[in-house]
Amino acid sequence: MTKILLLSDTHSFINNDILKYVKQADEVWHAGDIGDLKVTDAIKAFKPLRGVYGNIDDAQVRLEFPEHNRFMCEGVDVWITHIGGYPPKYNVRVTEEIKENPPKLFICGHSHILKVMPDKKLNLIHMNPGAVGKHGFHKARTMLRFTIDGKKIDNLEVIEFPVRHP
């Protein structure tokens, strides 16, 4: 069993509240808009990290992280990209590939809206952890954590931090 912490849209923000959850995970996945590499360096100091760059990320971040990251975690085919859309309206950048070769778990960020939903037509689960950074229109900062055990995605939990603007 692998314990995953999924986050996105940090926009250069990392703090001890986030790192507390990083330390509890086996792996951390970042769905883009990292901002400053200090964010990913802080995460990598504690746990293995898989990630992608987002639309606000500069050339330095893009050298370290790809636009798409597709990999196997135990028995689950995972695809992470920053701008991916939602079932059934996927972004044009992924539409053809996702229809021809759908993953079991499709993850994106960008919208700052936490959403987990099935795509019954493609037999996949879509996840967007929302935004955990302080930049953007979102009112709450959110992340997701879950487990992968063989081919089973389980124990999904929303981690929500207080409203960002007191």
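Two strands count as paired here if DSSP finds at least two bridges between them. With that in hand, let's look at the sheet in this predicted model.

The sheet is open and has five strands, in the order S3-S2-S1-S11-S12, with mixed pairing. Strand S3 (49-51) and strand S12 (152-161) sit at the edges with a single partner strand each, so one side of each has no neighbour in the sheet. From one strand to the next, the twist averages 20 degrees.

What does the pairing of S11 with S12 look like? Strand S11 (residues 141-149) runs antiparallel to S12, and the two pair over eight bridges. Along this pair, Met 143 stands opposite Ile 159 in S12, while Thr 147 has Asp 154 of S12 as its bridge partner. The hairpin joining S11 and S12 has two residues between the strands, and Gly 150 takes a positive phi near 65 degrees there. As for background, strands of a sheet pair through backbone hydrogen bonds, either parallel or antiparallel.

| Helix | Residues | Lies across | Angle |
|---|---|---|---|
| H1 | 16-24 | S1 (2-7), S2 (27-30), S11 and S12 | about 0 degrees to S11 |
| H2 | 37-44 | S1, S2 and S3 | about 145 degrees to S3 |

So which strands does H1 lie across? They are S1, S2, S11 and S12. Helix H2, for its part, lies across S1, S2 and S3.

Methods: Residues are numbered from 1 along each chain as its sequence is written. This is a predicted model: local features need pLDDT of at least 70, side-chain atom pairs count only at pLDDT 80 or more; totals for chains, interfaces and linings use all residues. Side-chain values use heavy atoms; hydrogens and water are left out. Helices (H or I, at least four residues) and strands (E, at least two) are DSSP runs, numbered from the N terminus. Axes are lines fitted to C-alpha atoms, for helices over the stretch in contact, and angles run from 0 to 180 degrees between N-to-C directions. Contact means heavy atoms within 4.5 Å.
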